[in-house]
Amino acid sequence: MADFDTQVNIKPTYGQVKNQAPKQRIVSLGDGYEQRLTVGLQQNPKEYNLTFIVSQTQAEVIDGFLRSRKFKNESFTYTPEGEGFTKTGTYVQSGTTITATVNNHGLSAGDTITVDFSSGATDGTYTVQNDTGINTFTLTAAEATITSTALTITKSGQGKYKCDSWSISIPYNNRCTVTTKFIEVFEP
């Protein structure tokens, strides 16, 4: 799979915009009551409006990469600035439920993280089951046990994206502004 970060290796200018619009169906029941239903398995794709202020050569590299993906109807991997992190904390496991405490973790149910336990539970990739507070969340272990120790979590932030349209303006000699919208996609 094509990787924007390694093949293009050009960072966007600061000021990126991240949009999210969870997919829901809302049924109004009267008297102000409503029922909200989540639609689909991956119901909250991210969209990033990115601007690259680059040389003309770099603009051609970005343009070539995006045109190639569009021509082949392929997605590409990309890691948005500020989306990945590594943090440390503690955990308690009771049965197959792991309750992790990591200050200001920023995770939500469904996020995929890599966990390195100092001892006890099996290291690996886990899906956050519940974000039970600003500092706690739960995971499900493959094997039941009772233990408590330290852990390190890593969220890569990398995802699969497509770019349906982009524009290139040339305001000065050898200076280009490339404006794009990267839309997260969910594929096997």
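**Notebook: salt bridges, a sheet and a patch**

I looked up R67 first: at 49% relative accessibility, R67 counts as partly exposed, because exposed would need over 50%. I note that this is a predicted model.

Next I checked the partner of R67. R67 forms a salt bridge with D63, and the closest N and O atoms are 3.0 Å apart. Both residues sit in helix α2, residues 56–72. They are 4 residues apart, about one turn of the helix. I also found a network: salt bridges with shared partners join K70, K162 and D164.

How many salt bridges does a search of the whole structure find? I get 9.

I followed one from E81. E81 pairs with K11, with 3.6 Å between the closest N and O atoms. E81 is partly exposed at 31% relative accessible area. K11 is exposed at 53%.

Then I took E83. E83 forms a salt bridge with K18, the closest N and O atoms being 3.1 Å apart. E83 lies in the loop between β5 and β6 and K18 in strand β1, so this pair ties together parts 65 residues apart in sequence. Is E83 buried or exposed? E83 is buried, with a relative accessible area of 14%. K18 is partly exposed at 37%.

I turned to the overall layout. The protein chain has 2 helices and 12 strands. Along the sequence I read α-β-β-β-β-α-β-β-β-β-β-β-β-β. The radius of gyration is 21 Å, whereas a compact globule of 188 residues would have one near 16 Å. The C-alpha atoms fill a box of roughly 65 × 50 × 30 Å along the principal axes. Of the 188 residues, 32% count as buried.

I counted 4 bridges between β7 (residues 112–117) and β8, which run antiparallel. T112 has T127 in β8 as its bridge partner.

Last, I looked at the surface. V27, L29 and Y33 form a nonpolar patch there, with about 340 Å² of accessible area together. V27 belongs to strand β2, residues 24–30. V27 counts as partly exposed at 39% relative accessibility.

Definitions and conventions: Residues are numbered from 1 along each chain as its sequence is written. This is a predicted model: local features need pLDDT of at least 70, side-chain atom pairs count only at pLDDT 80 or more; totals for chains, interfaces and linings use all residues. Side-chain values use heavy atoms; hydrogens and water are left out. Patches are made of residues with over 30% relative accessible area and no salt bridge: like charges are joined within 9 Å, nonpolar side chains (Val, Leu, Ile, Met, Phe, Trp, Tyr) within 5 Å. Accessible areas come from the Shrake-Rupley method with a 1.4 Å probe; for residues, only the protein chains shown count as cover. A salt bridge is a side-chain nitrogen of Lys or Arg within 4 Å of a carboxyl oxygen of Asp or Glu. Buried means under 20% relative accessible area, exposed over 50%, partly exposed in between (1.4 Å probe, protein chains only). Two strands pair if DSSP finds at least two bridges between them. The radius of gyration is taken over C-alpha atoms; the globule rule is 2.2 Å times the number of residues to the power 0.38.
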